[in-house]
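We will go stop by stop.

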Amino acid sequence: MSASRVAKADGSDALELRMHIAGEWVDAADGATFETVSPATGEVLAVLPRAGREDARVAVEAAGHARGRVAATSAFERAELCHAVADILNARAGDLGRELSLEQGKPYREAVDELAFAAELFRDAGENVKRLDTGIIPSIDPGKRILTIRQPHGVVAVITPWNYPIGIPSEYLSAALAAGNCVVWKPAPTTSMIAVRLTECLLQAGVWEGALNLVFGEADVGEEIVFNPGTHAVGFTGSSAAGNLVARSAGAKPMLLELGGNGPTIILDDADLELAIEGTAFGCFSNAGQICQSSERILVGPKVHDAVLEGLVRNAESIRLGHPLEETTTMGPLNNEGVAAKTEEHIGDAVERGAAVVTGGGRAEGLPTSLYHLPTVIDGVTADSLFNREETFGPVAPLIAVRNADEAIEVANACNLGLCGSVYTSSLRHAFYCSERLECGVVNVNETPAYWDGRTPFGGYSGKASGVGRLGGMATIHSLTQLKSIVLDIEHVRG
Ligand code: NAD
């Protein structure tokens, strides 16, 4: 059983949830627990087992036992499982959307969109694995034939953050299972309740016993599953700092690291302003700015600066900050105190360097928790500010004035993060000029950096701190499989 109810000190009760290891819902070996608390209300949503290293080792062992059986299933059987997961996610979108909103903080409509996105990832992985072909390579020796096949890695360690707690795990779980791997998954502590729900959906769809193991806990648990010789590859999404530690723990294991971004959004003087303002505002304020692909800094040309500023202020002031389950709400609270404090720090730093807060600028008052942050527009931000040097991850639109495309590229590339960027221009020449020079893994033209269809190859630019490898459609399947060459001497085959 994944859940029961437990009495709290104040007389009310909370959900008591369990981890899923070796096909069973279990508590931590030492009985330790932790709580997830809604950023929207401050209420305890669930009490969950806090795993230790020993629990993680048991989960890795369980996945190891299931590995052979899962790898032996056909691509078509695995595709069927993926479609069944998608159907269940779609059918449960209403209930799961509410729990996702309450635990993560995003408005209900965004939560339901995330569930639909996750369902599509499962469908896509199922279809891709059926079309996973490989090459036959000409041999220098006329008596030999060389063919290549793709095989699963074995057990994949999956570690995920809290900003898209259904969508991001689904990127890995869909492709890993579709490709015949087993998984040990550790979600972010603050969104562990919704991880139980996603696991339930996979179990309901018929995932093989031991193929999906869910463990809760902190960095030590993540470190154990990454380091443990019983895991054979790593899929990690999170901050650049943690990603570097994960890379050290993983050693030479195959790795997908999807890390932080600082999305430069360039608006040139020849841009379609309505489009640019709408896309940039979406990139700044959607999910309260907690997206690795957010518009984190807006590099704006001299002729359009005032109109962009005015448009962004209008957009920010039209946002309805409130309880994520209220129908009128368009922005909910931030997920946790760490991200709220970082947002405040970056605003303070910019103001100290001479920038001006035009709207917003701090936490909202009179709401149930202190995690509600006002949508903020800040002008006159300088290239040496924290906004330009680090990821903020809050609902802020910081404007940095630039003279032209060359200066925009120079300021954008000065940051050591390089995930997604965007350029607004009506000139094809400018579009290519900027896209080819921006040190980002993805550049969207006349579209927010936050746009991603789940199929486009996605990841960090080499040499920056935004990660290694590519997610997205067939790229994820390739990352979560290994290529084997089979060399056949046909002169010595009988028959
Ligand atoms: P985080 O790095 O603090 O935590 C991510 C996960 O890693 C959590 O489950 C955490 O418990 C675990 N962890 C932390 N230290 C670890 C260690 N040493 N070994 C193993 N596991 C460890 O990140 P977060 O605050 O949860 O998420 C926000 C960050 O994620 C932002 O920087 C954001 O840009 C990034 N992110 C990147 C992408 C992408 O696709 N590139 C997508 C979403 C979020």
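Where is the place of Asn446? Select it and look: Asn446 is in the loop between β20 (442–445) and β21 (467–468). Keep in mind throughout that this is a predicted model.

**Stop 1**

Most residues other than glycine have a negative phi.

Now select Ala22. Ala22 sits in the loop between β3 (19–21) and β4 (24–26). Ala22 is not a glycine, yet its phi is positive too, at about 55°. With 35% relative accessibility, Ala22 counts as partly exposed.

**Stop 2: the seven-stranded sheet**

Go back to β20 and show its sheet. Seven strands lie in the order β16-β17-β18-β15-β14-β19-β20. The sheet is open, and its pairing is mixed. Which strands stand at the edges? They are β16 (356–359) and β20. Each has a single partner strand, so one side of each is left without a neighbour in the sheet. From one strand to the next, the twist averages 25°.

Zoom in on β19 (residues 420–424) beside β20. These two strands pair in the parallel sense over four bridges. Pick Gly421 and find its bridge partner in β20: that is Val443.

**Stop 3: the three-stranded sheet**

Hide that sheet and show β7, β8 and β22. These three strands form an open sheet in the order β7-β8-β22, with antiparallel pairing. The edge strands, β7 (136–137) and β22 (481–489), each pair on one side only. Between β7 and β8 (residues 144–152) there are two bridges, in the antiparallel sense. Click Ile137: its bridge partner in β8 is Ile146.

**Stop 4: two helix pairs**

Select α2 (residues 75–91) and α4 (residues 108–130). The helices pack at an angle of about 170°, with their axes 8 Å apart. That makes α2 roughly antiparallel to α4. Their crossing is left-handed. Show side chains where they meet. From α2, residues in the contact include Phe76, Cys82, Val85 and Leu89. From α4, they include Leu115, Ala119, Phe122 and Val129. By class, this contact has 13 nonpolar, three polar and five charged residues.

Now select α13 (residues 405–413) and α14 (residues 428–437). Here the packing angle is about 20°, and the axes are 10 Å apart. The two helices are therefore roughly parallel to each other. Their crossing is right-handed. Ala405, Asp406, Ile409 and Asn413 in α13 meet Tyr433, Cys434 and Arg437 in α14. The contact of α13 with α14 has four nonpolar, one polar and two charged residues.

**Stop 5: a helix and its cover**

Finish with α7, residues 219–227. Which residues of α7 are buried? Colour Val221, Gly222, Glu224, Ile225 and Val226. Then show what covers them. The cover includes α1 (53–71), α8 (240–250) and the strands β9 (155–159), β10 (182–186) and β12 (233–237).

Definitions and conventions:
Residues numbered from 1 in each chain as written. Predicted model: local features only at pLDDT ≥ 70, side-chain atom pairs only at ≥ 80, totals over all residues. Heavy atoms only, no water. Axes fitted to C-alpha atoms, helices over the stretch in contact; angles between N-to-C directions. Parallel < 35°, antiparallel > 145°, perpendicular 65-115°, else oblique. Left-handed = near helix turned anticlockwise from the far one by under 90°. Contact = heavy atoms within 4.5 Å. Nonpolar A, V, L, I, M, F, W, Y, C, P; charged D, E, K, R; others polar. Pairing = 2+ DSSP bridges. Buried < 20%, exposed > 50% of the residue type's maximum accessible area, 1.4 Å probe, protein only.
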